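Student: I would like to learn how to read aromatic pairs and surface patches in a structure. Could we go through one case together?

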Amino acid sequence: MKQKLTITVDAQLLPLAKQYARAQGISLSLLIERALRELAEEETPTFAEKWRGKFKAAERQDDPRYDALARKYLA
């Protein structure tokens with residue numbers, strides 16, 4: 001089911017977007033819908049996935065708390 005949406009865009013962008021849609025042989029609405037669908041389907045890594053493996057263990061000895069945390073988060 002389609003639903004109407006009102007958006008506001010920069011005055012200089014609108015003619016360019018209409019021209020691009022026309023060149024593609026599609027409506028401006030379809031162009032925007034495709035762009036939104038593409039953005040919604042992108043897989044964005046979680047914070048943990050983004051940073052996993054980016055840190056190195058510090059040189060610490062005889063610290064059981066540090067050792068436990070290092071095993072949990074740096075392994």
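Tutor: Keep in mind that this is a predicted model. Start with the aromatic rings: two rings pair if their centres lie within 6.5 Å. By that rule the count here comes to one aromatic pair.

Student: Which residues form the aromatic pair, and how are the planes set?

Tutor: The partners are Phe 47 and Trp 51, with 6.4 Å from centre to centre and 45° between the planes. Planes under 30 degrees apart count as stacked and those over 60 as edge-to-face, so the pair of Phe 47 and Trp 51 is tilted.

Student: Where do Phe 47 and Trp 51 lie?

Tutor: Both are in helix α3, which covers residues 47–51. Four residues separate them, about one turn of the helix.

Student: What forms the nonpolar patch on the surface?

Tutor: Its members are Leu 5, Ile 7, Val 9, Leu 13, Leu 14, Leu 16, Leu 36 and Leu 39, and together they have about 730 Å² of accessible area. The elements that give two or more residues to this patch are α1 (13–24) and α2 (28–41).

Student: Which element gives the most to the nonpolar patch?

Tutor: That is α1, with three residues. Leu 13 is found in helix α1, and its relative accessible area of 44% makes Leu 13 partly exposed.

Definitions and conventions. Residues are numbered from 1 along each chain as its sequence is written. This is a predicted model: local features need pLDDT of at least 70, side-chain atom pairs count only at pLDDT 80 or more; totals for chains, interfaces and linings use all residues. Side-chain values use heavy atoms; hydrogens and water are left out. Rings of Phe, Tyr and Trp (its six-membered ring) pair if their centres lie within 6.5 Å; planes under 30 degrees apart count as stacked, over 60 as edge-to-face and the rest as tilted. Patches are made of residues with over 30% relative accessible area and no salt bridge: like charges are joined within 9 Å, nonpolar side chains (Val, Leu, Ile, Met, Phe, Trp, Tyr) within 5 Å. Accessible areas come from the Shrake-Rupley method with a 1.4 Å probe; for residues, only the protein chains shown count as cover. A salt bridge is a side-chain nitrogen of Lys or Arg within 4 Å of a carboxyl oxygen of Asp or Glu. Buried means under 20% relative accessible area, exposed over 50%, partly exposed in between (1.4 Å probe, protein chains only).
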